Amino acid sequence: MDNVLSEVNKVFRSVFQNEQLDVNETTTANDVEAWDSLTHLTLISEIQKHFNVKFKITEIMKFKNVGDMCNVLRTKMNG
Amino acid sequence: MQIRTATPADIPFLITAISEAEKSGTDILSYQRIFGLNDDQWQNLLLNILEEDMLGQELCVSGFLIAEEEEKPLAAVCAWVEGVDDMPSGVIKGNLLAYFLPEENMTYATENLKTLEGFNVHRAMGALQLESIYTAPESRGKGITGQLIAQHIRNHPEIKVVQITLMGDNASALRAYEKLGFRVVESKTAENGAVKNLMPGMTKILMQKEL
C-alpha cells in the first residue's frame, strides 16, 4: 500500500468509523456498507481537507473507485 | 396535456418540484436542515447542480419528464437507471453536493450527517428509479404523475424493475403508488430521534414494481 492509498484508507476508517476497514484501488461504493450520497459527500470533503486539495468537478465525476481518487491525488501532489 | 423531456428553461419549475417532493407533505426540506441553507442558498445550490445535468441521479434536468398544458407545467417526475457506468446514484449526487456546497455548510452539517448514518434504503443496480414525483396543487387528483411514470417506463423498454423511495409517513403517496402496482420491499426506521429535525419523517421506504 503506497502512502496515498494508506492516507486515503485512514480517511475512510474515520468517515465510516471502522478501524478494520481496508480499502484498495478497486474498492467501490458497492463494496462498503452505508456508502451513500451523504457518506460520499463527507468522504470527498474529508479527503480534500486531509490532502489539502480541491477537486475539479471533472475529476470528481471520474471517481469510479478508490484507485481513480488516488491517481488524481498523486497527480495533484506531484504538481 | 402533453408530456415532454425537461430542458434548462424548466429549471425554475424543477426547483419547485424537487423542493416540494423532498418535503413529502411536511415543511421540512432535508437539504436545508442538514446543511443549514436558507431558501436562496438552497435554490442557488440546486440551480448549480441542475445546470451540470449529470445523468444517473435525481438532480438532473434531462432525467425529468414534464406534463404541461398550454405551455404551463403541471407535474414532473425524474427517472434514471441505477448504476449507469457502474456509478451508484448516491455517489454521483454526493460528488455534486461536495463540489457545490460551501465549506461552511459542510462544517455545519458534520454532526447532522452522523445523525443520519445508515438511514437509507438500497436501490438495485439496473432498476429504473423514480424520484421528485410532483404535481402542482391545482392539478392533483387527475392521475398525471401516473401518466409520467408510465411514459418513463415506456422510455426504458429494457427495464424489468422500477423503484421509488418515499417517507413512510406519506400515506397518500404510499396508497397512490400501491394503486400503480408498487409494493414495499424495504423499510428503514431511524433509531435516533434527532432525525425528525432533519428529515420529513422517521421511516424511509423503498417500493418496487416488476414489469
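**View 1. Strand β3(B) and the second largest pocket.** β3(B) hands over three residues to the lining of the second largest pocket, the most of any element. Helices and strands here are DSSP runs (H or I of at least four residues for helices, E of at least two for strands), numbered from the N terminus. A pocket is found on a 1 Å grid over the protein atoms alone, as an open set of points with protein on both sides within 12 Å along at least five of seven lines; lining residues have an atom within 4 Å of a point. This one holds about 400 Å³ of space, where a volume is the space filled by probe spheres set on points joined across faces, edges and corners. Its lining runs to 22 residues, with B:Leu55, B:Gly56, B:Gln57, B:Trp80 and B:Val84 nearest the centre. The elements giving two or more residues to that lining are β2 (64-69), β3 (72-81) and α6 (144-155) of chain B. Sorted by class, the lining has twelve nonpolar, eight polar and two charged residues. Nonpolar takes in Ala, Val, Leu, Ile, Met, Phe, Trp, Tyr, Cys and Pro, charged takes in Asp, Glu, Lys and Arg, and the others, Gly among them, are polar.

The model is predicted, so local features need pLDDT of at least 70 and side-chain atom pairs count only at pLDDT 80 or more, while totals for chains, interfaces and linings use all residues. Residues are numbered from 1 along each chain as its sequence is written, chains are lettered from A and ligands numbered from 1 in the order written, and side-chain values use heavy atoms, leaving out hydrogens and water.

**View 2. The largest cavity.** Search the whole structure and you get one cavity of 30 Å³ or more, a cavity being a set of grid points where a 1.4 Å probe fits but cannot get out. About 90 Å³ of space lies inside the largest cavity. Of its 14 lining residues, A:Trp35, A:Phe63, A:Lys64, A:Asn65 and B:Val91 are closest to the centre. The lining splits into eight nonpolar, four polar and two charged residues.

**View 3. Where chain A meets chain B.** Here 23 residues of chain A are in contact (heavy atoms within 4.5 Å) with 27 residues of chain B. The two chains bury about 2100 Å² between them, 65% of it on carbon and sulfur atoms; buried area is the accessible area (1.4 Å probe) lost on putting two parts together, summed over both. On the chain A side, A:Leu41, A:Ile57 and A:Met61 lose the most area to chain B, together 29% of what that side buries.

**View 4. Polar details at the interface.** Still, six residue pairs make polar contact across the interface, both at pLDDT 80 or more. A polar contact is a pair of N or O atoms within 3.5 Å; within protein, one must be able to donate a hydrogen and the other to accept it, and residues adjacent in sequence count only if both atoms are side-chain atoms.

View 5. The side chains of A:Glu46 and A:Lys49 pair up at 3.3 Å, N to O. They sit three residues apart in the helix, so about one helical turn separates them.

How values were computed:
Salt bridge = Lys/Arg side-chain N within 4 Å of Asp/Glu carboxyl O.
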